[in-house]
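Please look over the sequence and the model before reading on. The paragraphs below are meant to be read beside them.

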Amino acid sequence: GSSAPHLLEAGGLSPKNRGGIASPPPRSPTGRSHKLSPEGPGKDGVPMWVDGGHTAPASGAMGKEGDGKHGEDAVMADRQAPAVRKPTATAVAAHIPRFFTPRQPSKDAVDSAQGEMSEIDSLFSANPSGLTSETFKPFAVKVCGFPSFFAQELFGKLVLPGQSVVTRAKCMQWWEVHMKHKKPEVRLFHLLRDPKNQFVTRADWKRRLAVLLDTHPGLDFLKATPEFQDRYLECVVERIYYVNNRACNDKLSVHDLTLSNLVRVLKYVDEEQDINKVLDYFSYEHFYVLYCKFWELDADHDFLLDRDDLVKLCNYTLTYRIVDRIFSGACRPLSSGVAEKLGYHDFIWLLLSEEDKTSDTAINYWFRAIDLDDDGYITPYEMEFFYKEQLHRMDCLAQEVVQFEDILCQMTDMVKPAREGYVTVLDLKRCKQAGVFFNVLFNLTKFIQYDQKDPTQIFNERATPELSDWDRYAKVEYQRLAMEEDQGELGDEADWDAQNEGSTPEP
């Protein structure tokens with residue numbers, strides 16, 4: 001720059017004033033004092049190195065060519081290979097134990113393995129010839145820690161072809177390889193996956209959970225309708241992937257299982273006779289709501305939804321522009337296999353995301369819909385594109401129109417993006433107001449409810465803090481559907497009575 005020549009002329013940084021040797025920084029990385037440096041005088045005028053309190057004279061021939069390194073070279077060499085300090089007595093005496101030992105099980109895991117080994121000994125002492133399908137359940141439940149409805153699946157994995165019992169050697173082999181010192185989630189992963197794969201597919205889940213339909217007392221009423229058994233099972237599996245499959249594909253990894261609550265939920269299903277109390281994944285009431293909402297929209301009952309069907313959802317609550325983004329596959333690639341059609345599985349993802357916009361999956365789902373150019377940011381241009389239709393709806397419904405400029409200021413204050421004008425997924429997850437953000441852009445009904453501070457909504461949220469938005473919605477919607485069904489049955493009975501009365505001959 002222009003200041004360098006001026007400083008050199010002033011003599012402050014002149015090589016002449018520094019003797020041609022570069023000065024070290026005020027405090028070097030090796031702890032060297034800046035007061036005693038190679039160019040500074042030491043004893044008898046000899047430059048000294050000072051390092052950790054130990055002094056050593058530099059070479060007397062430092063300035064002579066070929067007999068030693070010049071000051072700048074010596075500094076760089078010392079930085080690359082700093083002096084080795086002799087440890088003090090205190091450092092030698094203090095012993096810091098190693099707190100992490102790779103590939104070594106924890107004490108709890110070792111104790112648990114010893115208990116499982118004792119259980120195996122006890123089990124085969126009572127059954128020395130092997131375990132049959134009737135006596136195998138304790139091995140699956142007490143040793144491996146699986147729910148009882150997975151016992152038959154594990155028995156099928158271990159029994160040899162043509163035999164009806166599982167030997168101790170086979171059980172020990174499975175336990176040593178897949179169970180010993182393993183976390184419950186890793187054990188579940190090895191049970192569910194196909195031996196050829198390192199992931200769990202939807203088909204794997206359906207095969208393993210099919211036995212639940214025949215054994216759980218809360219699902220006995222479904223045995224008379226096999227078609228609804230299949231729909232219920234599809235809904236359960238799809239909800240599992242909705243919450244836990246972070247890659248949004250058909251491959252549930254061991255990492256996904258480790259981060260999930262599936263082990264706890266499966267044990268709860270095994271212990272609880274009322275399946276509707278298991279709100280995560282397995283509630284039949286939740287399935288009933290999802291299936292009935294889909295059936296209401298499917299006017300021709302071909303099990304596919306088009307645009308005209310979907311815009312009717314929740315009394316035309318979604319804008320046409322967001323519906324177009326859903327059918328384009330921006331939110332999630334459609335799995336119906338038919339162009340411009342939404343299938344049952346696609347609808348499950350849509351309704352779960354629509355009614356609970358606070359979950360990570362829902363935030364990602366709607367963020368991809370709003371991010372028109374797929375650059376990882378939601379900009380004011382994209383917000384305005386979706387909000388224009390909201391403005392038109394407000395005007396048609398005689399609502400107070402809120403201009404986009406005012407909305408943009410309020411949403412910026414609410415989200416507080418790290419970079420102004422660029423909203424990221426992380427910004428929405430951090431602000432805890434993602435639902436409001438999305439409702440402003442494409443759900444006018446919920447936007448008005450929030451703007452007017454609907455007292456019913458506020459009361460429900462405060463009365464049931466343990467429930468998610470989806471749980472509250474499913475509870476209310478199930479009661480409404482059940483009431484409509486009861487009224488329909490009463491109406492049918494009244495019509496039938498009226499017909500009979502009209503056809504009864506007079507005496």
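This is a predicted model: local features need pLDDT of at least 70, side-chain atom pairs count only at pLDDT 80 or more; totals for chains, interfaces and linings use all residues.

Residues are numbered from 1 along each chain as its sequence is written, and side-chain values use heavy atoms, with hydrogens and water left out.

Helices here are DSSP runs of H or I with at least four residues, numbered from the N terminus. Two packed helices are described by the angle between their axes and the distance between the axes. Helix 15 (residues 320–327) and helix 18 (residues 380–396) have axes that come within 8 Å and cross at roughly 140°. An axis is a line fitted to C-alpha atoms, for helices over the stretch in contact, and the angle between N-to-C directions runs from 0 to 180 degrees. Helix 15 and helix 18 are therefore oblique to each other; angles under 35 degrees count as roughly parallel, over 145 as roughly antiparallel, 65 to 115 as roughly perpendicular, and the rest as oblique. On the helix 15 side, Y320, R321, I322 and R325 meet F385, F386, K388, E389 and R393 of helix 18, where contact means heavy atoms within 4.5 Å. By class, this contact of helix 15 with helix 18 has 4 nonpolar, no polar and 5 charged residues. Nonpolar covers Ala, Val, Leu, Ile, Met, Phe, Trp, Tyr, Cys and Pro, charged covers Asp, Glu, Lys and Arg, and polar covers the others, Gly among them.

On a 1 Å grid over the protein atoms alone, a cavity is a set of points where a 1.4 Å probe fits but cannot get out, a pocket is an open set with protein on both sides within 12 Å along at least five of seven lines, and lining residues have an atom within 4 Å of a point. Grid points are joined across faces, edges and corners, and a volume is the space filled by probe spheres set on the points.

The largest pocket has a volume of about 1,200 Å³. Its lining has 38 residues, and K446, Q449, Q457, E461 and D469 are the closest to its centre. By class, the lining of the largest pocket has 10 nonpolar, 14 polar and 14 charged residues.

For the second largest pocket the volume is about 690 Å³. Of its 31 lining residues, Y242, V243, D280, Y281 and S359 lie nearest the centre. Helix 10 gives the largest share of this lining, 5 residues.

The whole structure has 1 cavity of 30 Å³ or more. The largest cavity holds about 50 Å³ of space, and its lining consists of I326, C331, R332, P333, L334, L342, D346 and Y365.

Where does L350 lie? L350 is in helix 16. At 0% relative accessibility, L350 counts as buried (under 20% relative accessible area, with exposed over 50%, partly exposed in between, for a 1.4 Å probe and protein chains only). Apart from neighbours within four places in sequence, L350 is in contact with L310, L313, I326, L342, Y365 and W366.

Two loop residues remain. D374, between helix 17 and helix 18, is not a glycine but has a positive phi near 55°. At 66% relative accessibility, D374 counts as exposed. A398, in the loop between helix 18 and helix 19 (404–415), also is not a glycine and has a positive phi of about 60°. At 70% relative accessibility, A398 counts as exposed.
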